[in-house]
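Please read them with the structure open.

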Amino acid sequence: MALFPPIDSLPQSLSLSDLEPLESLAQCAPVDDANVSRYYSLFIYCLIINDDIEEARFLLKRASAARRTISADSTEVTDTIAPLSTARKILTSLWTKNYVEFFLTVEAARHSVPLESPEANMLRTLADHVREANYSFVSRAFLSGALSDIAVYFGISEIDAKEFLVQKGWRVTDELTVRAPALSKEPTKAAAQQKARLDSLTSLITHMQRA
Amino acid sequence: MDSGTVWTAKFGNQTADVSEFFSNVNRLLDNISGAQAKLVPEHYRALLYMIAGASDAIENPNSLLRPLLNAALSFSPSHDVLSPAHALFLIQALKAKQYKLALQLLKYDVDKFDSAYGLTYQDHLRFHYYGAMVFIGMKQYEKAIEYLSIVLCAPGFPCSMVQIEALKKTILLQLILYGKHALRLPRMANDFTSHSYRAFARAYDHFAVAFENGDPTVLKLVWNQINNIFSADGNYGLALHALTAFRKRRIQKLRKTFITVPMEYIESKDVDILENGPGTKEFVLAMIQDGDLRAQISQKSRTSPIIVVFQDGSITRSHLDELEAKLDSVRQLNEKIAVADRHVGQSREYLSRKLQSASAPGGFLSRGGGLEDLEGYDDSMSMMEL
């Protein structure tokens, strides 16, 4: 049986195609192999970055089932090796939309690993990805709001959040509330293409009804 | 000695290295076609169950998932024929929490069933029931209801416990998706089994009535009485989702009355049955983020109230993608129905029934129809009653 490869021997920028084939090896690896815990945590982060949080949850369950350890009194306990427990905390905070905890945990995890390690790169990418997704949500959900409420979605201070939003065209009042930029009313090319596509699908439905 | 005996003998006495065993199994299952399995159905089934038993014995249901998937997919070129590997693969995938892998099998509609492959009625029920559980795990609730409907409509006397469990899940899924459960089972369901369903799923009916009633006090009372039943049935998670759906519906209903509403008013209407969820503001923001509510938040200053501005739905690219995918599947379904229609029209059972009705006064032929003219077919009878 092939041995599980050391994580540091994998490519620096990991993708799902690098990580998926290794799962069958990981399941057969020894329970206390910290290398495998690192693998599972990286795989979980990669799935979140690819917007597959459901599969990340199932992977965590598979990893936990595979890594169960038996304590001296034969009571089964969950593996508590740091990388996997950190990944669990990050995933749980995202699942419950607790962004304060998410960004704090990611920051703490980044400081606990070497600067150029695969974990540091992946965590940096993960934080940026969530920040970007949250900006998309904030610009959709808020017409105006308190800076303190909005800043939590980015995991940055109110001052940094203010600078960030101003760069994006938001206006900040003296009372530290922000207002979204006004949307352009001109039809875009994408909207025109969408309308054309909708028209063709509508005619297809009419044709199928008559057929 | 036939090939089936060779298979079971070879792997029944396997004591070699585990990885070598799995690799040999993988190679064997890849090379068995449906035609070969049809020759020795009982041996093929025994082989599959032995292999599944081996992965259960080493407590690693992941180990033989891929070979089982390949066995199911290689059974027929069109992937629409039920095989003994189908249900077995799904149960192993559920144990291994490999839902995404299970979808690789479930993306094909299975509508051909041949008992010559050693299949039984239970194989058909179990495949669709486990398939529904995979879809539930992946939050594809509409597809799950479709698969559960197939289980509920399956003819049988008496009804199977698999069908009872399917009904329980169907009720909860309908509450989550539509806010109400169907007053009747699907039209094709057998009358006798319909009565049996009600007897076994009474607690779920009770919960659904309280849900539809809309009174949170009543719902909480019913929940406290019967939540242990959900737990015993393995439906506690789904029931919790139903309670979350109840909370969402109370907020969504405000859209019918208001264009803008203060958050304080939403808080007065909001009810968290279990009182362990997020606060109203966080819950509303989560609904907007998940696409369950089209609204925007407005707060002009720190001291002014938070206002929720409801919006009309807009068609997005993902809606068009979904519509296109559904139209494509409808087109494929129409083609399959046309083929099945011709096949049934030429079957012995259909022809003998036509001859019987033709010989009766005012029968089919006297109306001038041909043998393939299905307009004369009495569709008040179930297609399954032969």
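1. Chain B and chain A are joined by 6 salt bridges, a salt bridge being a side-chain nitrogen of Lys or Arg within 4 Å of a carboxyl oxygen of Asp or Glu. One salt bridge pairs A:Arg197 with B:Asp321, with 2.6 Å between the closest N and O atoms. The model is predicted: local features need pLDDT of at least 70 and side-chain atom pairs count only at pLDDT 80 or more, while totals for chains, interfaces and linings use all residues. Residues are numbered from 1 along each chain as its sequence is written, chains are lettered from A and ligands numbered from 1 in the order in which they are written, and side-chain values use heavy atoms, with hydrogens and water left out.

2. Across the interface of chain B and chain A, 14 residue pairs are in polar contact, both residues being at pLDDT 80 or more. A polar contact is a pair of N or O atoms within 3.5 Å; within protein, one must be able to donate a hydrogen and the other to accept it, and residues adjacent in sequence count only if both atoms are side-chain atoms. On the side of chain B that touches chain A, the elements giving two or more residues are α7 (99–106), α16 (280–290), β2 (295–298) and α17 (317–345). Helices (H or I, at least four residues) and strands (E, at least two) are DSSP runs, numbered from the N terminus. The largest share of that side, 9 residues, belongs to α17(B). Sorted by class, the side has 14 nonpolar, 13 polar and 11 charged residues. Here Ala, Val, Leu, Ile, Met, Phe, Trp, Tyr, Cys and Pro count as nonpolar, Asp, Glu, Lys and Arg as charged, and the others, Gly among them, as polar.

3. How many residues of chain B are in contact with chain A? The count is 38 residues of chain B against 38 residues of chain A, where contact means heavy atoms within 4.5 Å. About 3300 Å² is buried between chain B and chain A, and carbon and sulfur atoms give 53% of this area. B:Gln289, B:Arg302 and B:Leu320 supply 20% of what chain B buries against chain A, more than any other three residues. Buried area is the accessible area (1.4 Å probe) that two parts lose on being put together, summed over both.

4. A:Glu54 has salt-bridge partners in both chains. With A:Arg57 the N to O distance is 3.4 Å; A:Arg57 and A:Glu54 are 3 residues apart in helix α4 of chain A, so about one helical turn separates them. With B:Lys139 the closest N and O atoms are 3.9 Å apart. That pair crosses between chains, from helix α4 of chain A to the loop between α8 and α9 of chain B. A:Glu54 counts as buried at 16% relative accessibility, whereas B:Lys139 is partly exposed at 31%. Buried means under 20% relative accessible area, exposed over 50%, partly exposed in between (1.4 Å probe, protein chains only).

5. Helix α7(B) is mostly covered, with 6 of its 8 residues buried. Those residues are B:Tyr99, B:Leu101, B:Ala102, B:Leu103, B:Leu105 and B:Leu106. Their cover includes α4 (53–66) of chain A together with α5 (65–73), α6 (84–96), α8 (121–137) and α9 (141–153) of chain B. B:Arg66, in helix α5 of chain B, touches B:Leu101 and B:Gln104, leaving aside residues up to four places away in sequence. B:Arg66 is partly exposed, at 46% relative accessible area.

6. The largest nonpolar core has 87 residues, of which B:Phe89, B:Leu90, B:Phe127 and B:Phe207 touch the most other members. Helix α10 (residues 161–178) of chain B gives the most to this core, with 9 residues. A second, separate core of 68 residues includes A:Leu16, A:Cys46, B:Leu254 and B:Ile266. A nonpolar core is a set of buried Ala, Val, Leu, Ile, Met, Phe, Trp, Tyr and Cys residues joined through side-chain atoms within 4.5 Å.

7. In helix α17 of chain B, B:Glu335 and B:Arg331 are 4 residues apart, about one helical turn. Their side chains meet in a salt bridge (3.2 Å, N to O). B:Glu335 is partly exposed at 45% relative accessible area, and B:Arg331 is partly exposed at 37%.
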